[in-house]
Amino acid sequence: MVSAISSNVLGQAKRYGEYGANFLFGTGAERMGKEIGLAIKARSRSGLGLTKSIGVGFKKGLARTNSDMAKHGFFKNLGNTLSSIPKSMQAGWEGAKSANKGFFGKLGAAIKPIGKAMPFLMNVLWLASSVPDIIERTKDEGIFGGIKETGKALANMAIFSVSSAVGATFGLAGMLGLPILASIVTGPIIGQPYSVQKAAKEEALKQQNPFIQEQTTGQKLDYMAG
């Protein structure tokens, strides 16, 4: 019985882990954001307010994400997305060429499919840049401090991915501008990276006690002399 319970717990953990990974590194955030953006754009025709249209888009995006995961799982789903980009880029170029669009029109159509990979690429870079803060906070505050810093990084990644996908439905300006606006709104709530917070605290202590600076300087001179 214990074995069955453990197996069930591990199975559930694996399932939710795959869904979380797909949301941040796969197609989940892109699908969710796209559906929310389309619902917002169509709210005048559907007669829905902004809040309700966001809810409708969220439900559609969640349903499509769950369907993708049920069919393929995270790794295959991500692989299919990335492997389809070169063909989509070529098709975009050829389509723009057939429509007699200029060079920049063809270039824009060819580049557009790269947007599918942006959540994956940006979040990989974001997570990599957050690792030093996670390690430093874990050293200073223990495992729970590390978990908190990891949660902060994941929350920022999710906000950036979804807001970027929502903005993309309104064009390039929306794709670039909405994540910046979202980070300005959510930044004070989530908080700055640990290294920034730590540096600010140290600077505040120096301002309160100028002897700290003198002691630090003296220590450095001693180290150099030794």
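User: What is the handedness of the crossing of H2 and H8?

Analyst: This is a predicted model. The helices concerned are H2, residues 28-41, and H8, residues 143-168. Their crossing is right-handed.

User: Which residues of H8 make the contact with H2?

Analyst: On the H2 side, the contact is made by Ala29, Glu30, Gly33, Lys34, Ile36, Gly37 and Ile40. Taken together, the residues of the contact of H2 with H8 divide into six nonpolar, three polar and two charged. From H8, the contributors are Ser161, Val162, Ala165 and Val166.

User: Are H2 and H8 parallel, perpendicular or oblique to each other?

Analyst: The axes of H2 and H8 come within 7 Å and cross at roughly 45°. Angles under 35 degrees count as roughly parallel, and those from 65 to 115 as roughly perpendicular. H2 and H8 are therefore oblique.

User: Which helix gives the most to the lining of the second largest pocket?

Analyst: About 260 Å³ of space lies in this pocket. Helices H7 (118-141), H8 and H9 (172-190) each supply at least two residues of its lining. With six residues, the helix that gives the most is H8.

User: Which residues lie closest to the centre of the second largest pocket?

Analyst: The lining residues of the second largest pocket divide into six nonpolar, eight polar and three charged. Of these 17 residues, the closest to the centre are Trp126, Lys152, Asn156, Gly191 and Pro193.

How values were computed
Residues numbered from 1 in each chain as written. Predicted model: local features only at pLDDT ≥ 70, side-chain atom pairs only at ≥ 80, totals over all residues. Heavy atoms only, no water. Axes fitted to C-alpha atoms, helices over the stretch in contact; angles between N-to-C directions. Helix = DSSP H or I, 4+ residues; strand = E, 2+ residues; numbered from the N terminus. Parallel < 35°, antiparallel > 145°, perpendicular 65-115°, else oblique. Left-handed = near helix turned anticlockwise from the far one by under 90°. Contact = heavy atoms within 4.5 Å. Nonpolar A, V, L, I, M, F, W, Y, C, P; charged D, E, K, R; others polar. 1 Å grid on protein atoms, 1.4 Å probe; cavity = no way out; pocket = protein on both sides within 12 Å on 5 of 7 lines; lining within 4 Å. Points joined across faces, edges and corners; volume = space filled by probe spheres on them.
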